[in-house]
Amino acid sequence: MYDRLLIAVDGSDEATRAAERGLEFARTVDATVDVLSVIERKSLRLSRSADEKTRLHERGNAALEEIEALASEIGQPVTTTVIEGTPATGISDYAAERGADLIVVGRQGLTGLGKRLLGGVTERLLRRSDVPVFVVPTGAADATTDYSELLVPTDGSDTATLATEHGGAVARQYDSTVHVLNVVDLQAAGGAFDVGGLERDFVDRLEAEGEAVVEDAATEVGAVAPAVTTAVVRTSSFDGVAAGIREYVDETDIDFIVMGARGRSNLGRRVLGSVTTTLIRSVDVPILVVTQS
């Protein structure tokens, strides 16, 4: 499923950590790797001299040289490029130009002028990219080939179903157990002031719908994954579905999350888009986000 990866870096420690993960992933799936550094046009406009602009380019090239060295250590060939532009647009356009199947980024990073880049860029990239995005958080462990416990949250949407396919592909490569999870959001179902008043029959129906959703997903992913387990959990947290997923990640020592963005819940309201953003900001395991226009 992944023949070409695009790794976007900006010279920050977070981006380097993400690149290490991306390089190991590429080696495992035998993918070609492009590494991209985008020099933000705004930074160039704010530069007061030709020397400052030159330093921005030098910093971009230095970031690429660092990744080239890391790639060389593990025997992974890479192609490197520096471009100027708006980072999220530049990354997504370059991914399309190169025919990338997956974009790898850090959750946070820094621009050449010392302000946060990849944090905001990552979220903007998720909103515009039709290519799946592999997001590596700041607190993630060092590069690893151990993704033995893989989580696929699902709400039954088309995007969640597409994410299940990606989860199966990753599980096949890493011999992972796939956890298929549906979270029943009692706050969303009953409203902020009605959580305690939900009828038991209504909650049972929500859980039954969740069971049907996870069983469908488990059947699909089970065709390729070594092992599959399912769960339906409730949450009454004001953080909604994200809180339920986060608790499950902690309780079961999940190594990797594969999920969709721009999904919809069984109740018809948007869920997985906002849930994905919340999780990216708050969990310390990598998330492969499958987007859909």
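Predicted model: local features only at pLDDT ≥ 70, side-chain atom pairs only at ≥ 80, totals over all residues.
The protein has 293 residues, and 51% of them count as buried. If you take the contacts with a separation of 6 or more, 78% come from residues 24 or more positions apart.

Let's start with one residue. Find isoleucine 7 on your screens; you'll see it in strand β1, which covers residues 4–9. Is isoleucine 7 buried or exposed? Its relative accessible area is 0%, and buried means under 20%, so isoleucine 7 is buried. What does it touch, once we set aside residues up to four places away in sequence? The list is Ala19, Gly22, Leu23, Val33, Asp34, Val35, Leu36 and Val104.

Now move along to valine 9. Leaving out its neighbours within four places in sequence, valine 9 is in contact with Ala15, Ala19, Val35, Leu36, Ser37, Val38, Ala63, Leu64 and Ile67.

As a general point, nonpolar side chains in soluble globular proteins tend to be buried together. Here, the largest nonpolar core has 42 residues, and Leu5, Val9 and Phe25 are the ones with the most contacts inside it. Which helix gives the most to this core? That would be α1, residues 13–29, with seven residues. Both domains take part as well: domain 1 (4–136) and domain 2 (149–286) each supply at least three residues to this core. Apart from it there is another core, of 37 residues, and Ala8, Tyr248, Val285 and Ile287 are among them.

Last stop, for those of you who like helix packing: α6 and α8. Helix α6 spans residues 158–174 and helix α8 spans residues 200–221. The two pack at an angle of about 40°, and their axes are 9 Å apart. The crossing of α6 past α8 is right-handed. Which residues meet there? From α6 we have Thr161, Thr164, Glu165, Gly167 and Gly168, and from α8 we have Ala217, Glu220 and Val221. Sorted by type, the residues of this contact are two nonpolar, four polar and two charged.

That's my tour, and I'm happy to go back to any of these places on the screen.

Technical notes. Residues numbered from 1 in each chain as written. Heavy atoms only, no water. Axes fitted to C-alpha atoms, helices over the stretch in contact; angles between N-to-C directions. Helix = DSSP H or I, 4+ residues; strand = E, 2+ residues; numbered from the N terminus. Left-handed = near helix turned anticlockwise from the far one by under 90°. Contact = heavy atoms within 4.5 Å. Nonpolar A, V, L, I, M, F, W, Y, C, P; charged D, E, K, R; others polar. Core = buried A, V, L, I, M, F, W, Y, C linked by side-chain atoms within 4.5 Å. Buried < 20%, exposed > 50% of the residue type's maximum accessible area, 1.4 Å probe, protein only. Domains from an automatic or database assignment.
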